[in-house]
Amino acid sequence: MTPLVGAKITALGTYVPPRLLTNDDLEKMVDTTNDWILERTGIRERHIVDKGVASSDLAFEAANAILKQRGIAPTEIETILVATVTPDMLFPSTACLVQEKLGAKGAWGFDVSAACSGFLFTLQTAVQFVQTGAHKKVLAIGADVMSSIINYEDRATCVIFGDGAGAVLVEPAEDGDPNVFIDYIHEIDGSGGCSLYMPAGGSKHPSSHETVDKKMHYVHQDGQAVFKYAVRKMAEVSEKLLQRNGLTGHDLDLFIPHQANRRIIMSAAERLGMPEDKVVINIGEYGNTTAGTIPLAMGTAREQGKLKKGSLVLLASVGAGFTVGATLLRWGAED
Ligand code: UT7
């Protein structure tokens with residue numbers, strides 16, 4: 001479908017809490033080593049919130065940075081979309097909490113649950129609202145406090161995740177502006193539901209002494225199953241998106257993938273024929289922040305001077321669900 005209006009990213013904001021949890025710290029907590037974590041995942045450290053800090057707090061910081069950057073009042077924001085699997089609470093939505101914190105009076109919005117693909121799904125929702133002409137200023141936010149659902153006695157999961165948030169503002173482009181969203185392919189595949197999930201706290205297993213005793217309120221992951229699926233699907237969906245737009249990896253300026261594991265990223269990059277200097281990897285500093293990884297990686301690319309107005313960028317993700325996403329765009333924000 002040809003959009004009525006081109007949609008573009010006009011600003012980016014990111015936030016991570018200041019406290020660090022390093023591999024050395026984890027060596028003292030569980031039976032692991034810095035060498036194992038670095039070699040198997042690429043992670044050196046991650047940022048972790050202090051007690052009482054929630055996803056809406058991180059989301060607010062990222063969104064507020066955008067308002068400052070663009071010099072716009074909170075009341076100009078029409079829609080707030082928040083991707084998270086760690087909402088402050090089951091309801092109200094984190095979007096409502098962010099709206100209140102920002103003072104975005106008159107906005108509407110909601111949460112999107114798609115785990116590590118949450119940011120891409122949220123971004124596409126924002127793009128649709130702009131492309132149809134329904135809204136002119138939409139915030140797409142990815143925010144997760146993964147430390148709130150991690151068992152720090154389980155070495156298979158606690159070394160991977162961190163806390164963080166990022167947001168972009170999506171606005172209409174002027175006629176003829178090439179720096180817009182180009183195309184996307186997103187998929188969900190519920191057959192992977194049992195490979196990565198949090199069993200308790202929802203309507204199937206409401207929180208109880210039993211669910212807590214059985215540690216069902218934490219992330220459970222079959223790492224190898226997720227790894228194999230992610231390696232296959234991230235490359236597959238990315239290739240399909242490029243092909244149908246008459247492009248190859250060589251045409252891209254940047255590949256900004258979800259940061260789950262350095263080996264998953266490099267395997268997809270190799271399949272796409274992307275040289276390492278065009279692949280954004282910041283998992284070493286942040287770990288896997290779930291919905292936060294892609295905007296945080298955009299921030300890293302911008303700091304490194306690699307993400308510029310007009311850059312042709314491929315975003316890609318695989319996450320719990322399973323959820324899969326690939327988005328092709330030209331970066332629209334001023335440098
Ligand atoms: O973003 C959401 C999607 N999530 C992902 O994409 C995660 C995908 N999966 C992965 O990234 C990897 O599977 C992991 C990083 C989770 C695990 O790496 P792996 O190379 O697949 O390790 P493994 O699970 O096959 O385990 C290999 C060995 C096992 O020991 P044995 O059975 O060979 O003796 C594990 O017990 O490594 C052991 N192990 C560890 N050793 C030291 C597992 N975790 C650790 C650890 N430190 N933290």
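**Exercise 1. Which residues is Val 219 in contact with, leaving aside its neighbours within four places in sequence?**

Before we start, a word on the model: it is predicted, so local features need pLDDT of at least 70 and side-chain atom pairs count only at pLDDT 80 or more, while totals for chains, interfaces and linings use all residues. Residues are numbered from 1 along each chain as its sequence is written, and side-chain values use heavy atoms, with hydrogens and water left out.

*Step 1.* Settle the term: contact means heavy atoms within 4.5 Å.

*Step 2.* Skip the neighbours within four places in sequence, and the partners of Val 219 are Met 146, Ile 149, Ile 150, Thr 157, Phe 161, Leu 196, Tyr 197 and Met 198.

**Exercise 2. Find the largest nonpolar core and say where it lies.**

*Step 1.* A nonpolar core is a set of buried Ala, Val, Leu, Ile, Met, Phe, Trp, Tyr and Cys residues joined through side-chain atoms within 4.5 Å. Buried means under 20% relative accessible area, exposed over 50%, and partly exposed in between (1.4 Å probe, protein chains only).

*Step 2.* The largest such core has 45 residues, and Val 219, Met 234 and Leu 252 are among those with the most contacts inside it.

*Step 3.* Two or more residues come from each of helix H8 (223-244), helix H9 (262-272), strand E12 (312-319) and strand E13 (323-330). Helices (H or I, at least four residues) and strands (E, at least two) are DSSP runs, numbered from the N terminus. H8 gives the most, with eight residues.

*Step 4.* This core lies between domain 1 (7-172) and domain 2 (181-330), because both give residues to it; the domain bounds come from an automatic or database domain assignment.

*Step 5.* Another core, of 29 residues, lies apart from it and includes Ala 7 and Leu 120.

**Exercise 3. Is Thr 211 buried or exposed?**

*Step 1.* Locate Thr 211: this residue is in helix H7 (residues 209-213).

*Step 2.* Its relative accessible area is 6%, so Thr 211 is buried.

*Step 3.* Leaving aside neighbours within four places in sequence, Thr 211 has contacts that include Ala 200, His 205 and Pro 206.

**Exercise 4. How many disulfides does the count come to?**

*Step 1.* A disulfide is counted when a pair of cysteine sulfur atoms lies within 2.5 Å.

*Step 2.* The sulfur of Cys 158 has its closest cysteine sulfur in Cys 116, 16 Å away, which is too far for a bond.

*Step 3.* The count comes to zero disulfides.

*Step 4.* As for burial, Cys 158 counts as buried at 1% relative accessibility, and Cys 116 counts as buried at 8%.
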